[in-house]
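Hello,

Here is the structure for your files. My notes follow below it.

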Amino acid sequence: MVRRVLVDEGSAGQRLDNFLLRELKGVPKTHVYRVIRAGEVRVNKGRAQADTRLELGDEVRIPPVRVPEKAEAPAVPAREFPVVFEDEHLLVIDKPAGVAVHGGSGVSYGVIEALRRARPTAKFLELVHRLDKETSGLLMIAKKRSALVNLQDQLRERETGKTYAALVWGEWPAKLKVIDVPLVKFIGSDGERWVRPGKADEPDAKRSISLVKVMQKTPRFSLLDVTIKTGRTHQIRVHLQQAGHAIVGDPKYGDFDKNRELARGAAKFDRMFLHARRLTFQHPATGETVTCEAPLPADCQAVLTA
């Protein structure tokens, strides 16, 4: 059956292809693009391209599309997370370690899917940025498209402050306060996504800047505050590792023997010690400066105490 959907505030400004992928859950991407190309999707009764931007009040004609039958996906459990800040524009939560922010690559669901399930009346919930599955701490979720666009612009223009607590192996050199090393993403032989330090003139290298401050140190460990000026994939993990001080418990770029020893020791610490502890941004509606903080999780605090 043909459906006619009116574009509401939550979808205004979105590309037609992204709008359809959300409306036609379970339909393969290739099929969605095929019906757009064939002119079967209409916006205000006219043909439209995949990159057409929808406006408030537009009428989108969606043709009948058969969803291929597939094995029943596991149901997403509804779950709320500790809320650090919330109003009608956005939500900032304290994400636990070990939880992916969204489903994909071997994970059937993440924070965003669980939140949508827990808040069925919410018209719009979208991730503003990401955190690695192993990283705990502050995560922003937009409740309006206008907030999503505004906050992502701030992140792109480096107008937000994101500070992480990281425990690394060894004594961090006090003089090393700025790491300005380009990073290159690549797919390893294991099919996994990896990041390595690059050279400024490499075509795929992206400039990446991390500011490091030593908060506490012993001959074996250093607790660092790392503020990132760019938000590259695995930036802190690779920057600290290439400086000779991998993050404690990092399963990908870390010191595997030391990690195993720590996991089997008295502290039984078997996760990565990286926590997004402070976040500063301009409120997307009022322009006021908002600062959110999340204390160190109990297991991280226990390692420091031990």
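How much space lies in the second largest pocket? About 250 Å³. The closest to its centre, of the 15 residues that line it, are L167, F221, V303, L304 and A306.

First, the ground rules. This is a predicted model, where local features need pLDDT of at least 70 and side-chain atom pairs count only at pLDDT 80 or more, while totals for chains, interfaces and linings use all residues. Residues are numbered from 1 along each chain as its sequence is written, and side-chain values use heavy atoms, with hydrogens and water left out.

**Pocket**

A pocket here is an open set of points on a 1 Å grid over the protein atoms alone, where a 1.4 Å probe fits, with protein on both sides within 12 Å along at least five of seven lines; lining residues have an atom within 4 Å of a point. Points are joined across faces, edges and corners, and the volume is the space filled by probe spheres set on them.

Three elements each supply at least two residues of this pocket's lining: β13 (209-217), β14 (221-228) and α7 (298-305). The largest share, three residues, comes from β14. Helices (H or I, at least four residues) and strands (E, at least two) are DSSP runs, numbered from the N terminus. By class, the lining has nine nonpolar, four polar and two charged residues. Nonpolar means Ala, Val, Leu, Ile, Met, Phe, Trp, Tyr, Cys and Pro; charged means Asp, Glu, Lys and Arg; the others, Gly among them, are polar.

**Sheet**

An open sheet of four strands runs β1-β4-β2-β3, with antiparallel pairing. Strands pair if DSSP finds at least two bridges between them. β1 (3-6) and β3 are the edge strands, each pairing on one side only. Helix α1 (residues 16-23) packs on the sheet and touches β1, β2 and β4 (59-62). The direction of α1 makes about 55° with that of β4. Contact means heavy atoms within 4.5 Å. Axes are lines fitted to C-alpha atoms, for helices over the stretch in contact, and angles run from 0 to 180 degrees between N-to-C directions.

Two bridges join β2 to β3. R42 has R47 in β3 as its bridge partner.

**Backbone**

N44 is not a glycine, yet has a positive phi of about 50°. N44 sits in the loop between β2 (42-43) and β3 (46-47). N44 is partly exposed, at 45% relative accessible area. Buried is under 20%, exposed over 50%, partly exposed in between (1.4 Å probe, protein chains only).

K268 also has a positive phi of about 50° and is not a glycine. K268 is in the loop between α6 (256-264) and β15 (274-282). K268 is exposed, at 56%.

Regards
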